[in-house]
Amino acid sequence: MKAIQMSCCPRFTKFFVLTIAFAVAGAVYLNMSDRPTAADKQAKLLRHVVMFQFKDSASTEDVQHIIAEFKALPSKMPAIAAFEYGTDNSPEGLSDGFTHCFLLTFKSEADRDAYLPHPAHKAFDATLKPHLEKVLVVDYWAGE
């Protein structure tokens, strides 16, 4: 009888230990998969969306000059990782008078925070304000 118990117990012990090991490994994996990795943090980008409605008194030349000045900001500020813009062409008619949309991308809040008080941004604001009826700004982390 003693020999039977000895041969049975090692198999049970091995099974039990493997079961516990797999359970612990699974729990660790699930816990770690919820944590952002360094690659995840680098992959996240801060988007800065800016929309303009221009005054009726703003000429086509005024608007084109403002667009050119805004497009020039990335060359003056390395904190801007990407820049794009366009004009509204939605058939829904829900733009509430906003005609121009600009999307600036930053790699961090620190980069965005450096952009806001930057002298080139302040100079752009001075060029824009006389022609601006309304502005809407939304910042968000891409993928959240």
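**Note on the predicted fold and its side-chain contacts**

1. Asp-96 counts as exposed, because its relative accessibility is 54%. The scale used here: buried is under 20% relative accessible area, exposed is over 50%, and partly exposed lies in between (1.4 Å probe, protein chains only). Asp-96 sits in the loop between β2 (82-87) and β3 (100-106). Its phi is positive, about 55°, although Asp-96 is not a glycine. Most residues other than glycine have a negative phi.

2. Basis of the note. This is a predicted model, in which local features need pLDDT of at least 70, side-chain atom pairs count only at pLDDT 80 or more, and totals for chains, interfaces and linings use all residues. Residues are numbered from 1 along each chain as its sequence is written, and side-chain values use heavy atoms, with hydrogens and water left out.

3. Overall layout. The protein chain has five helices and four strands. Helices are DSSP runs of H or I with at least four residues, strands are runs of E with at least two, and both are numbered from the N terminus. The order along the sequence is α-α-β-α-β-β-α-α-β. Of the 144 residues of the protein chain, 22% count as buried. The accessible surface comes to about 10,100 Å² (Shrake-Rupley method, 1.4 Å probe; for residues, only the protein chains shown count as cover). Carbon and sulfur atoms hold 61% of that surface. Among contacts (heavy atoms within 4.5 Å) with a separation of 6 or more, 78% join residues 24 or more positions apart.

4. Salt bridges. How many salt bridges does a search of the whole structure find? The count is three. The criterion is a side-chain nitrogen of Lys or Arg within 4 Å of a carboxyl oxygen of Asp or Glu. Asp-96 takes part: its side chain meets that of Lys-134 at 3.0 Å, N to O. This pair links distant parts of the chain, with Asp-96 in the β2-β3 loop and Lys-134 in strand β4, 38 residues apart. Lys-134 counts as partly exposed because its relative accessibility is 31%.

5. The Arg-112 network. Salt bridges link Arg-112, Asp-113 and Asp-139 into a network. Asp-113 pairs with Arg-112, the closest N and O atoms being 2.8 Å apart. Arg-112 has a relative accessible area of 13%, so Arg-112 is buried. Asp-113 is at 41%, so Asp-113 is partly exposed. The side chains of Arg-112 and Asp-139 meet at 2.7 Å, N to O. That bridge joins helix α4, which holds Arg-112, to strand β4, which holds Asp-139, across 27 residues. Asp-139 is partly exposed, with a relative accessible area of 31%.

6. Aromatic pairs. The whole structure has 11 of them. Rings of Phe, Tyr and Trp (its six-membered ring) pair if their centres lie within 6.5 Å; planes under 30 degrees apart are stacked, over 60 edge-to-face, and the rest tilted. Phe-52 and Phe-102 are tilted, 5.3 Å centre to centre with 50° between the planes. Phe-52 lies in strand β1 and Phe-102 in strand β3, so this pair ties together parts 50 residues apart in sequence. Both residues, Phe-52 and Phe-102, are buried. Phe-83 and Phe-102 are also tilted, at 6.2 Å and 40°. Here strand β2 supplies Phe-83 and strand β3 supplies Phe-102, 19 residues apart. Phe-102 has a relative accessible area of 0%, whereas Phe-83 is partly exposed at 23%. Ring pairs link Phe-52, Phe-54, Phe-70, Phe-83, Tyr-85, Phe-102 and Phe-124 into a cluster.

7. Helix α5 (residues 119-128). Which of its residues are buried? They are Ala-120, His-121, Phe-124, Asp-125 and Leu-128. They lie on the same side of α5, because they cover an arc of only 145° around the axis (from directions to the C-beta atoms). Their cover includes β1 (46-54), α3 (60-76), α4 (109-115) and β4. Exposed Pro-119 and Ala-126 are on the face turned away. His-121 has a relative accessible area of 10%. Leaving aside neighbours within four places in sequence, His-121 contacts Leu-73, Met-77, Tyr-115 and Leu-116.
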